[in-house]
Amino acid sequence: MGNGTKMLNKPSKTSVKNDMRHLRNLGRRLVALSDGTLKQIDLPDHICLSIQLVKKMSSNEAKRRQISFLGKQLRNMGDSDLLQVKKRIASSQPQPRSQPEEVHSWHEKLLLGGTRAVEEFISEYPNTDRQKLKNLLRSIFRTKCQDKKPKAKKKLLDYIIHLHG
């Protein structure tokens with residue numbers, strides 16, 4: 001009977017392992033951040049030191065062990081501090097921008113228009129690779145005739161976004 005009450009208060013092995021896995025993933029995210037971003041997050045010195053050590057290591061196994069140690073250090077921080085760190089990481093990473101209407105309008109113009117639309121686009125964006133643009137348009141019209149999936153349209157849109165932004 002005495003053992004039953006102890007087991008109710010103790011977290012399961014699975015939940016402890018899942019918590020450690022989440023902390024290791026948080027450690028990996030911290031290691032992936034740039035040094036300037038890490039300074040903005042304002043972590044304790046011993047955690048910053050562990051992160052710098054991981055960044056200097058070349059052996060994958062050594063990195064894995066150090067990240068596990070970093071997870072252990074993060075576990076000792078406290079829940080409110082961890083939540084603050086996660087919020088700071090999320091706020092420091094750039095949010096994906098929505099594609100402006102101008103990009104979509106150029107995409108439509110290039111698909112519907114001929115050489116005139118290409119010339120207008122090139123005059124608007126002078127750093128355009130004319131040959132690449134024409135090849136993308138050619139492949140779009142080729143896939144229309146062959147009834148293939150429109151991968152070329154996506155490539156054209158990506159190229160316009162790259163030039164636009």
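Hi everyone, let's start with two helices: the axes of helix 2, residues 13–32, and helix 6, residues 79–92, come within 11 Å and cross at roughly 40°. That angle makes helix 2 oblique to helix 6. Please keep in mind that this is a predicted model.

Which way does the crossing go, left-handed or right-handed? Helix 2 passes helix 6 in a left-handed crossing. If you'd like to find the contact on the screen, look on helix 2 for Leu 23, Leu 26, Arg 29 and Leu 30. Their partners on helix 6 are Leu 82, Val 85, Lys 86 and Ile 89.

Now, on to the aromatic rings. How many aromatic pairs does a search of the whole structure find? The answer is 3. One of them joins Trp 106 and Phe 121 edge-to-face, with 5.2 Å centre to centre and 75° between the planes. Trp 106 belongs to helix 7, residues 101–112, and Phe 121 to helix 8, residues 115–124, so this pair ties together parts that are 15 residues apart in sequence. Trp 106 and Phe 121 are both buried.

Phe 121 also pairs with Tyr 125, and this time the arrangement is tilted: 4.9 Å centre to centre, with 40° between the planes. Tyr 125 is buried, as is Phe 121.

Methods: Residues numbered from 1 in each chain as written. Predicted model: local features only at pLDDT ≥ 70, side-chain atom pairs only at ≥ 80, totals over all residues. Heavy atoms only, no water. Phe/Tyr/Trp six-rings, centres within 6.5 Å; stacked < 30°, edge-to-face > 60°. Helix = DSSP H or I, 4+ residues; strand = E, 2+ residues; numbered from the N terminus. Buried < 20%, exposed > 50% of the residue type's maximum accessible area, 1.4 Å probe, protein only. Axes fitted to C-alpha atoms, helices over the stretch in contact; angles between N-to-C directions. Parallel < 35°, antiparallel > 145°, perpendicular 65-115°, else oblique. Left-handed = near helix turned anticlockwise from the far one by under 90°. Contact = heavy atoms within 4.5 Å.
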